[in-house]
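User: Please take a close look at one helix and its packing partners in this model. I would like a connected account that spells out each term as it comes up.

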Amino acid sequence: MPLIALDYWDLALAALLLLVNAGLSIWLQLGLARDTLIAAARMAVQLSLMGLVLKMLFGMVSPWLTGLFALAMILFAGREAMARQERRLAGWWGYGVGTTAMLAAAAIVTVFALTTQVRPDPWYDPRYAIPLLGMILGNTMTGVALGLHTLTATAAREKAAIEARLALGHPRNDALRHVVAAALRTALMPIVNSMAATGLVALPGMMTGQILSGVDPVEAVKYQILIMFLIAGGTGFGALTAVLAAAARITDGRHRLRLDRLAPKKAR
Amino acid sequence: MTSDGEALLSVRGLVRAGIDIPDFELAPGEALAVVGPSGSGKSLFLRALADLDPNEGDIRLRGDARGAMSAPDWRRRVTFVAGESGWWAERVRDHFEDWEAAEPLAKRLGLPEEAGGWTISRLSTGERQRLALVRALVQEPDLLLLDEPTSGLDTETETAAEEILAERLSVGAAILFSTHDEAQAGRLANRCLRFAKDGAAEITSCR
């Protein structure tokens, strides 16, 4: 089945839906028209640029450029994960813990998939590496951000309980155990829920995309199952690394709770 | 009370931001009351001895340097009970290694035997405070650091708590406790560590 290519008139027609939305917003005085149109324009420009960059990248198949592009994606993800936390670690730790965890988790899982299951030739072919990394990274970022957010917010809220245990002589790992468990549960909830609902409630975007571009649904489903496993692995590994590193950072070698190592609460 | 061999606790050169503490020693069976206005550093001082906040100094228990033992080991022997008690599990008994061993003490402080099965959320502030004290007492530490242990308790329970503390002293433990009640300071302790508003403290007689 051939790919039905879209021309720009097709996109313009679809954009009419947005204009209808904007018109409704003005009519109902929702104040959303401006934001909607700006967001839509940003999306179109950002994706078009991304398309051009990817086309260039795919044309060159350079391990260095691919690696550089992947690194930039991870650094942006680190900033986004940091921005989503209410009480983040002070100083470079606030950026470093989440970013390092994502770098390790996403890189390991992506390279694992490229070298053992998908196996393009060469293995770093950006046509496979970048989309795989993007999907794994997007979900890992959510898990890491949720995990760190829950860990620091819960530790601050449960200060009395944690310090009561420390004061009784419990080691810091025991004293923080219920906080770490809560953080990891929260981090993994979205991917667990999404695996449970996939196929019944939601048809994932990647699978749908493959089907639209002419791939046999059974093959597309196999790809989607692989991706879900990779995402779950990356999210679990990334969240675990980030939460344990942050838990070590908000305590010290003398088993004290060090909330002074959190940045002041963000003004909202 | 000059050599480390005799002193139960010796504190030399304690440095912790916000407070200025003179060197002192505590003998086995001795209680020291920590008094002074709110916010003068009484809690900071007790937390520092328990090593819950960064601080420096030559702190020894029966001659053993604090720095030479792990923090959990230190805190099993030098146990701090905060003014605001903390709870991490659903039921009272989950917070005790052996609730049955704690029952007699809890009973003396006016809590019934079945209190072990109560959920934390139904406890009053006073019940939590008493149970937190019991939780530390059953571990039988050499030194208790109590932050206003009886504030908010009725007279009867306060008397029971003071009796229990006096028993601990009689078997050779030592107690540092903060209080706003000068009469209580005098009942349990001969010496007071008196804080001024600026966090400077000096040892005085309680009477």
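**Helix α10 of chain A and its neighbours**

Helix α5 (residues 126–157) of chain A and helix α10 (residues 217–249) of chain A have axes that come within 8 Å and cross at roughly 30°; helices here are DSSP runs of H or I with at least four residues, numbered from the N terminus, and axes are lines fitted to C-alpha atoms over the stretch in contact, with angles running from 0 to 180 degrees between N-to-C directions. The model is predicted, so local features need pLDDT of at least 70 and side-chain atom pairs count only at pLDDT 80 or more, whereas totals for chains, interfaces and linings use all residues. Residues are numbered from 1 along each chain as its sequence is written, while chains are lettered from A and ligands numbered from 1 in the order in which they are written.

α5(A) and α10(A) are therefore roughly parallel to each other, a label for angles under 35 degrees, with over 145 counted as roughly antiparallel, 65 to 115 as roughly perpendicular and the rest as oblique. The crossing of α5(A) past α10(A) is right-handed, meaning that the near helix is turned clockwise from the far one by less than a right angle, anticlockwise being left-handed. Among the residues making this contact are A:G143, A:G147 and A:L151 of α5(A) and A:G234, A:G238 and A:A242 of α10(A), where contact requires C-beta atoms, placed from the backbone, to lie within 7 Å. By class, this contact of α5(A) with α10(A) comprises 13 nonpolar, 8 polar and no charged residues; Ala, Val, Leu, Ile, Met, Phe, Trp, Tyr, Cys and Pro count as nonpolar, Asp, Glu, Lys and Arg as charged, and the others, Gly among them, as polar.

α10(A) also meets helix α4 (residues 93–118) of chain A, the two axes coming within 9 Å and crossing at roughly 150°. That angle makes α4(A) roughly antiparallel to α10(A), and this crossing, too, is right-handed. The α4(A) side of the contact includes A:W93, A:A101 and A:Q117, and the α10(A) side includes A:L226, A:F237 and A:R249. The residues of the contact of α4(A) with α10(A) divide into 15 nonpolar, 6 polar and 1 charged.

Definitions and conventions: Helix = DSSP H or I, 4+ residues; strand = E, 2+ residues; numbered from the N terminus. Contact = placed C-beta atoms within 7 Å.
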